[in-house]
Amino acid sequence: MRPIAINQGALRGARAELESACADLRAALEEVDHPREDFPWRDLLVAGVRGLVDDAGQVARRCGSIAGAMDDSVLDFDQLDVMVGRAAEVAARLDGVAP
Amino acid sequence: MRAVTTEPFAAVEEEPGPRFGDPIGCAYHWVDPAEVDDYGAVLRRLAGRVELAADALARTAGMPEDDFAGEAADALRGRAQTRHQEAAALHEHLRGLGRAVDAHADVLRAHREGLHDLRALAESRGLEVRDHRVWPPVSTLPGDATQDRVDAWQDDWRAYQACFDLAVELRETRRERTRDLVRALAEHAGVRPERDGAHLVLPARGQVSFGRLRERAAEEAMEAVRADEAADAARAHLAVARRSELAALDTLEQLLASGAPAEDVQAQIAAVAVLRDDTDRAGRAAEQADATAATEQAQAARAARHLHAAEGRDGASASSAHERTH
């Protein structure tokens with residue numbers, strides 16, 4: 001069963017915030033540049049940072065996925081509006097009433 | 001999401017530090033600390049973006065039923081709450097590691113400055129600095145060397161000792177402060193040296209025994225310096241004891257000349273006797289110290305001859321010693 005969006009404005013706002021945070025996070029991930037010159041424990045540090053960067057990538061993906069689910073519910077309701085409108089037109093024609 | 005354990009951290013040994021008698025490296029040959037600063041800034045920026053995502057997820061998780069209703073909405077809110085908690089934890093780890101990386105840039109910067117100071121110290125004390133290394137003084141001293149020459153030789157070895165002590169201190173300080181970074185990596189990124197591959201460089205096997213001769217010669221040289229210092233101290237103590245005895249004899253002479261009472265004269269005679277014993281003891285100690293100093297000097301000369309013989313056989317010079325990072 002799809003979630004029911006009662007306040008679409010609030011839902012759209014939350015979705016936009018999530019999508020914006022997700023995009024900003026992805027942009028920051030692109031900027032990660034590991035030091036090339038050597039120093040003690042450099043390899044260990046880069047391995048650790050790579051792990052955290054992977055986790056941040058996962059956060060970005062999950063934000064996107066949740067934003068997508070909210071998006072679905074908002075569009076569904078809009079589509080429902082359209083379907084209800086069409087059904088009303090059909091009913092009016094059947095009744096011989098001018099739409 | 002990353003699972004961070006709380007097992008006790010075990011330090012892993014790096015390559016060995018400077019060995020006494022070897023040339024002392026004074027060049028900083030690692031990453032520019034400014035690059036490590038930049039790395040820390042990247043981590044902090046990423047932490048900020050993760051925090052924004054965590055906040056957005058929290059707002060989704062907190063949407064009221066009036067806005068967003070039904071079982072599926074509840075499930076979505078639950079998902080958002082879980083992801084919010086994961087993102088918040090990741091933000092803390094990124095921030096913690098970012099701080100540790102910033103601190104580590106300072107550690108490397110301080111180490112680089114310390115190596116500059118080491119070079120300046122060596123130059124100010126008249127040691128040879130070549131190929132970014134402080135070279136130990138000449139090991140041998142001719143048997144007929146003048147006292148001036150011996151003194152200069154000992155000064156050189158004292159200077160080398162001071163530089164060596166500074167190099168050891170720099171290395172220990174740097175290693176100790178670097179443990180903070182390794183601890184932060186274990187705590188925030190779940191990586192550990194013994195499990196995730198340490199970067200460890202060991203000295204080449206063939207050069208270890210040759211280096212041992214050099215180390216032995218240098219140790220003998222320093223023992224000769226210390227024995228000479230002890231002999232100087234014993235001679236100074238003897239001079240003080242002699243002066244005290246002479247002063248007491250003067251006083252006895254005055255007492256006799258002025259016709260002092262017999263018991264006063266007797267007491268002073270007894271005092272002179274005690275001071276004479278002190279002088280005799282100090283004299284024997286000074287002789288012993290001189291003999292020890294002569295023996296140590298001879299041992300230093302012998303160790304240096306062994307080293308030179310070995311160098312001649314292997315056709316290698318002191319400059320071929322393997323690289324040491326400090």
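Residues are numbered from 1 along each chain as its sequence is written, and chains are lettered from A in the order in which they are written. Because the model is predicted, local features need pLDDT of at least 70 and side-chain atom pairs count only at pLDDT 80 or more, while totals for chains, interfaces and linings use all residues; side-chain values use heavy atoms, with hydrogens and water left out.

## The two chains

Let us start with the folds. Chain A has two helices and one strand, in the order β-α-α along the sequence. Chain B has six helices and four strands, and its elements run β-α-β-α-β-β-α-α-α-α from the N terminus on. Helices here are DSSP runs of H or I with at least four residues, and strands are runs of E with at least two, numbered from the N terminus.

The table sets out some values for each chain. Buried means under 20% relative accessible area, exposed means over 50%, and partly exposed lies in between (1.4 Å probe, protein chains only). Accessible areas come from the Shrake-Rupley method with a 1.4 Å probe, and for residues only the protein chains shown count as cover.

| Chain | Buried residues | Accessible surface | Share from carbon and sulfur |
|---|---|---|---|
| Chain A | 39% of 99 residues | about 5,400 Å² | 53% |
| Chain B | 41% of 326 residues | about 17,000 Å² | 51% |

Next come contacts, which means heavy atoms within 4.5 Å. Among contacts between residues at least 6 apart in sequence, 77% in chain A join residues at least 24 apart; for chain B the figure is 84%.

## Where the chains meet

How many residues of chain A are in contact with chain B? There are 50 of them, in contact with 56 residues of chain B. Between them the chains bury about 4,500 Å², 72% of it on carbon and sulfur atoms. In chain A, the residues that lose the most area to chain B are A:Trp41, A:Leu44 and A:Leu52, together 18% of what that side buries. Buried area is the accessible area (1.4 Å probe) that two parts lose on being put together, summed over both.

## The largest pocket

A pocket is an open set of points on a 1 Å grid over the protein atoms alone, where a 1.4 Å probe fits and protein lies on both sides within 12 Å along at least five of seven lines; lining residues have an atom within 4 Å of a point. The largest pocket holds about 410 Å³ of space, a volume being the space filled by probe spheres set on the points.

Its lining has 22 residues, and B:Trp135, B:Pro136, B:Pro137, B:Val138 and B:Ser139 lie nearest the centre. Helices H3 (147–189), H5 (208–257) and H6 (262–314) of chain B each supply at least two lining residues, with the largest share, five residues, coming from H3(B).

Phi is positive in each, near 55 degrees for B:Asp131 and near 60 degrees for B:His132. B:Asp131 is partly exposed, with a relative accessible area of 49%.

Finally, B:Arg99 lies in helix H2 (residues 71–124) of chain B. B:Arg99 and B:Asp37 are 62 residues apart in sequence and 9.9 Å apart in space, C-alpha to C-alpha.
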